[in-house]
Each structure stands twice: as structure tokens, then as C-alpha cells.
Amino acid sequence: MANKIQDAFDNIKADSRLKESTKQFLSEKRSGRACRRNRLVFRIALAAACAALFLLMGMGGYAWIQMPVSYVSIDVNPSIELTLNRFDKVISAAAYNDEGKRIIEKLSLQGKKYTDAIDLLVDSEDMKSFLTDQSEFVFTVAADGSRQKAIRTGLESCASRIGYRSSSFGTDLSLVAKAHEYAVSVGRYSAYLELARYDESITVDDCRHMTMTEIHGLIDEHHQEEGHHGEGHH
């Protein structure tokens, strides 16, 4: 019996190396699990960072596409203004009198190219109810130089399809904010400024209640008077 007990103790001593190797093995297993866990955490963090980056890029891209860069006002007597992005697509449409509101509330213009939006406006039954043989479509483009020129070229193709008299003007982007302060389209405000050069008594409110044909008629009269005065000086 004593010999058996002694043999057992000898075995325990002999297995000390086994115990050390077992400890090392377990330690390495724990280390391996930690590494795998760290790698998993890293991959999750990386995925979250990428998702956040794509979201920010998406939001930034959307904001870039939705940024207003030009304006086209359509004044007949209904007064409507289209805000365009850098791709000449409509990002919003606003009406500056009751006649204009009646027209745009029934139309879906957002996302359309400005020429297509204008075709829809002109062809709408609500617009036609305001038109007479004396009606004139006055388009005013507020944009930078090269963009303004390109948009006005596009308006020429619209004018050929309208079937009514039409004219287009260009004006500075800086007038847009001031026009909106007075709650008028940039086209009507630009026409007011032109008329006010000859008649200081005229107000924005006066022009608000005039048709664009009437405003431009007064401007033309002043142009003619100025021309006659110039001829008299020769």
C-alpha cells in the first residue's frame, strides 16, 4: 500500500511539466480568444465608421444636388418662380400671387428639367384660363453668366412652343433675396427696378398689381421718350 501511495506522489511530481504546459496552452487559448474578440470588435467599429462615412457622403451629396444655383420666373399675370439646381432641375416652385398658386398646386414640377416644367405650366388648363390674345410670357433668369446664357437658350425652345408672345431677360442672382423680401418674383422685382429708374414714385406694391405687359409697356414708353430727347440734343 505504501508503495502505491509513493507511486502516486511520484506521478504528481512528474506531471508538473504537464501542468505547466497545460497552463501555457490555456493561456494561449485565452489569448487567441482575445485576439479574435479584438478582431471582431475592430471589424464592427470599421463597419460602423464606413456606414457613418457613407451616410455623411450621402447627406452631403443630397445637399449638393439640392443646392439652389439659379432661378427662372414666369410672369404672365400668374407669377411663378422655379428654383433650379446645378443640373437645371426644379427643386422648388413658388407662386407670388393667387393666380400662380392655383396653377402650381395641381402640378408636380419638382425634379423636372426647367423646360419640361415650363411646358407643363403653359399647357395646364388653369394657366390657359388666365391667357388672352394680349398675354405675354415674361421669363427672367437669375444665374451666373454662363449658366444664365444656357438657360435662356433653353427658354427659346420653350417660347417656340408656347403660342403666345414671350420674352426673356437676365438679371443678377443678388436680386433674388431682395425680391423674396418683397414677396415678388425676381422677374417682377427686376422689372420694377428698371421702371423705377425712370419713375421714382413707382413702388414694388404698384408693380405687384400690374401685369408684366403693363410694366414693360411703361418701360418702353420711357425708352422711347429718352430716345426722342437724345435726338433733340443732336
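Colleague: What makes helix 8 largely enclosed by the rest of the structure?
Modeller: Nine of the 11 residues of helix 8 are buried, so the helix is largely enclosed by the rest of the structure. Here buried means under 20% relative accessible area, exposed means over 50%, and partly exposed lies in between, with a 1.4 Å probe and protein chains only. The buried residues are Val186, Gly187, Arg188, Tyr189, Ser190, Ala191, Tyr192, Leu195 and Ala196. This is a predicted model, in which local features need pLDDT of at least 70 and side-chain atom pairs count only at pLDDT 80 or more, whereas totals for chains, interfaces and linings use all residues. Residues are numbered from 1 along each chain as its sequence is written, and side-chain values use heavy atoms, with hydrogens and water left out.

Colleague: How is it decided what counts as a helix or a strand, and how many of each are there?
Modeller: Both are DSSP runs numbered from the N terminus: helices are H or I over at least four residues, and strands are E over at least two. By this rule the protein chain has 10 helices and five strands.

Colleague: What is the strand order of the sheet, and which strands stand at the edges?
Modeller: The five strands form an open sheet in the order 3-2-1-4-5, with mixed pairing. Strand 3 (90-95) and strand 5 (165-171) each have a single partner strand, so one side of each is left without a neighbour in the sheet, and these two stand at the edges. Neighbouring strands are turned by 15° against each other on average, direction ignored. Axes for such angles are lines fitted to C-alpha atoms, for helices over the stretch in contact, and angles run from 0 to 180 degrees between N-to-C directions.

Colleague: Why is asparagine 85 called buried, and what does it touch?
Modeller: Asparagine 85, in the loop between strand 2 and strand 3, has 4% relative accessibility and therefore counts as buried. Contact means heavy atoms within 4.5 Å. Leaving aside neighbours within four places in sequence, asparagine 85 is in contact with Ile65, Met67, Val69, Ser70, Ile91 and Arg147.

Colleague: Which helices lie against the sheet, and at what angles?
Modeller: Helix 4 (residues 114-123) touches strand 1 (70-75), strand 2, strand 3 and strand 4 (136-142), and its direction makes about 160° with that of strand 2. Helix 8 (residues 186-196) lies across strand 1, strand 2, strand 4 and strand 5, running at about 80° to strand 1.

Colleague: How do you know that the buried residues of helix 4 line one face?
Modeller: Tyr114, Thr115, Ala117, Ile118, Leu121 and Val122 are buried in helix 4. Seen down the helix axis they fall within an arc of 160°, so they line one face. The arc is that of the directions from the helix axis to the C-beta atoms.

Colleague: Why is the pair of phenylalanine 137 and phenylalanine 139 called stacked?
Modeller: Rings of Phe, Tyr and Trp (its six-membered ring) pair if their centres lie within 6.5 Å; planes under 30 degrees apart count as stacked, over 60 as edge-to-face and the rest as tilted. The two phenylalanine rings have centres 6.2 Å apart and planes at 20°, so the pair is stacked. Phenylalanine 137 is also paired with tyrosine 164, at 6.1 Å centre to centre and 55° between the planes, which makes that pair tilted. Phenylalanine 137 lies in strand 4 and tyrosine 164 in the loop between helix 6 (145-162) and strand 5, so this pair ties together parts that are 27 residues apart in sequence. Phe137, Phe139 and Tyr164 form one aromatic cluster.

Key
Pairing = 2+ DSSP bridges.
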